[in-house]
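Subject: Structure for handover: aromatic contacts

Hello,

Please find the structure below, passed on for your use. My notes on its aromatic contacts follow.

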Amino acid sequence: MQRIPEEKIDEIRSQVDIVDVVGNYVQLKKQGRNYTGLCPFHGEKTPSFSVSPEKQIFHCFGCGKGGNVFSFLMQIDGLSFVESVKKVADLAHIPLDVAISQGDSSPGNKPDSQESKMIEIHQLASKLYHYLLMETEEGQDALQYLLDRGMSEQELDHFEIGFAPAHASTVTTFLKKREVDLALAVESGLLTERDDGEIVDRFRNRIMFPIKNDRGQLVGFSGRLFNQEDGPKYLNSPETPIFNKRNILYHFSDARQEIRKKEEILLLEGYMDVISSVSATFSNGVASMGTSLTEEHVQMIRRVTNRAIICYDGDRAGIEASFKAGTMLAEQHRLEVFVLQLPNGKDPDDFIRSEGAEKFAEIYTHQRLTWTAFKLQFFKRNRNLQNETDKIAYLGEALAEIGKLDQAVERELYLKQLGSEFDLSMEALKQQLQQTVVVKPKPHDYGGPPPESYGEYPSYEGDGGPVYEQFSFAQPSSVPSAGLTSEKRLLKYMLEDRDAFIQIRNLLEEHQTDFYHDNYKALYTHLIGFYASGNDANPLALMDQLKDDMARNLVSELEMMTVNTDVSIEEYQDYVQSLTKSSIERDIKEKEQALLTATQQGDMPAALELARTITTMRATMKNTPN
């Protein structure tokens, strides 16, 4: 198997900006010389993920993950090294005639997976389904149904809509002729096995919607009935190694760029809603697979935007679903949420087909409800506001929601609306608001790691006097020791300058000292081998050769450091002496513990010898320059 030459890898890496690649997965904002965003590898509310266009690396200061453009794709998409290089080459439009096989010995490579073969099977089936819809007499009724619903042939081509005939073995026979592993097609969910062992098509007499994952890979289908036959209206692919509804939003991979451009995502309920919204030039629309939003969906959304526009069906179920989705997005994950309510309870597809794209755009742009405004409307639904009891209960709910708002102007706006609607004075509403809203710190409000110590804060509730509740403070981050700082700086200089590596290595040997922390010592060992192979300083190339994620993460962390570039050998010597001093300090602490043990055990000779050793070591450390 041919390996990709290092020169080719360097060329490919240099032709793509890591900011553009990462930006397809993470919502990035310019901050100084770098770009920041929420880390896609762990949940967080405050951005700690940084991308450096100058260094062409990424690093998360929260979870520690880091690397270059190849390692980012390897981690985010689960690719092998060769697969990530090929993907970047495609982005840069650089020809790369390298197949991926078991014989490849490139770093991090893995053989073709069963999942990849399942995806290829789905791609074959999708082409067949689309051909059957558009070009055959058998698909004519399904095609006419879609055209009657207002869909154009361009839309059908763009979304690769297809048709599965009523026959039991259309796809099965098609795949068999192409020598596809039918057992694997069954495992992928495309075919099914009967009790008697016969393998047949899963989808029959249905309009087929291909489903892609967030990487744009075709992983499943949703088949829709169109002629009143028995069975569920929609039949989705079953859960398989490549298809999990909790992790998939329809049209997400194609919508990602438009979501980033508009800085907001349009959440819809159905496939037809998405298709219609795209035809109305709202290509940021996505839909869940007939399920409520999941935590996995929210994490996908948070990677590309922090604003969601919910436009579900206008019926009772759609309104309930809007409230549930908005609660998860706005209150559990702190996204900015708006809700679109279309007239007469219509769903987006019907509304756009009947009223036109311009009318939808008008509502989208100028009539969206804030999350608070929607909730205030939602709370009215089951209240009879002509009844005093219901009216007072509603006002209590409304004031509780208004009290959650951070901005005084927003609170004032909604209070005025309530006052106008119910003929109440601002003074009375504000007084009631103060009595309704009680703000108390909670452990999770402070963030940070689990606390080691707790305090108490009094809250006055009821008639029994103050009730004390526990609360926690985030622990202050520890200040790095002088030795740790020296290790970081020395490695930083060695990473970026071969001559610096030689000078520092000579100083370490001269002072008979070494790096103390295991991961720093391991990276130093990698550097020795890297330079011994004749390489010049190149942190990005070094990352490609590191199989250890911890070592790669450390390189990205060091590359994010800002240090003085005009450095002398005297400064290197100061850092090396700092390592020596730190080593002596650790030895002294060990000897002091041994002295304490010897004294407690009454072993005076050993105690005296340890005391002399400690005195000598302290004198040595005193004479070691700072």
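To begin with charges over rings: Arg 586 lies over the face of Tyr 516, and the distance to the ring centre is 3.5 Å. Please keep in mind that this is a predicted model. In a second case, the charged end of Arg 256 sits over the ring of Tyr 25, at 5.1 Å from its centre. Tyr 25 also belongs to an aromatic cluster, together with Phe 41, Phe 49, Phe 58 and Phe 72.

Next, the ring pairs. The count of aromatic pairs comes to 30, with rings taken as paired if their centres lie within 6.5 Å. Two of them are described here.

Phe 70 and Phe 81 have ring centres 5.8 Å apart and planes at 75 degrees, so this pair is edge-to-face; the cut-off for that class is over 60 degrees. Because Phe 70 is in helix H3 (residues 69-77) and Phe 81 is in helix H4 (residues 81-91), the pair ties together parts that are 11 residues apart in sequence. Phe 70 and Phe 81 are both buried.

For Tyr 250 and Tyr 271, the ring centres are 4.8 Å apart with the planes at 80 degrees, so this pair is edge-to-face as well. Tyr 250 is part of strand S12 (residues 249-250) and Tyr 271 is part of helix H11 (residues 271-279), so the pair ties together parts 21 residues apart in sequence. Tyr 250 is buried, as is Tyr 271.

Regards

Definitions and conventions
Residues numbered from 1 in each chain as written. Predicted model: local features only at pLDDT ≥ 70, side-chain atom pairs only at ≥ 80, totals over all residues. Heavy atoms only, no water. Phe/Tyr/Trp six-rings, centres within 6.5 Å; stacked < 30°, edge-to-face > 60°. Helix = DSSP H or I, 4+ residues; strand = E, 2+ residues; numbered from the N terminus. Buried < 20%, exposed > 50% of the residue type's maximum accessible area, 1.4 Å probe, protein only. Lys NZ or Arg CZ within 6 Å of the ring centre and 35° of its normal.
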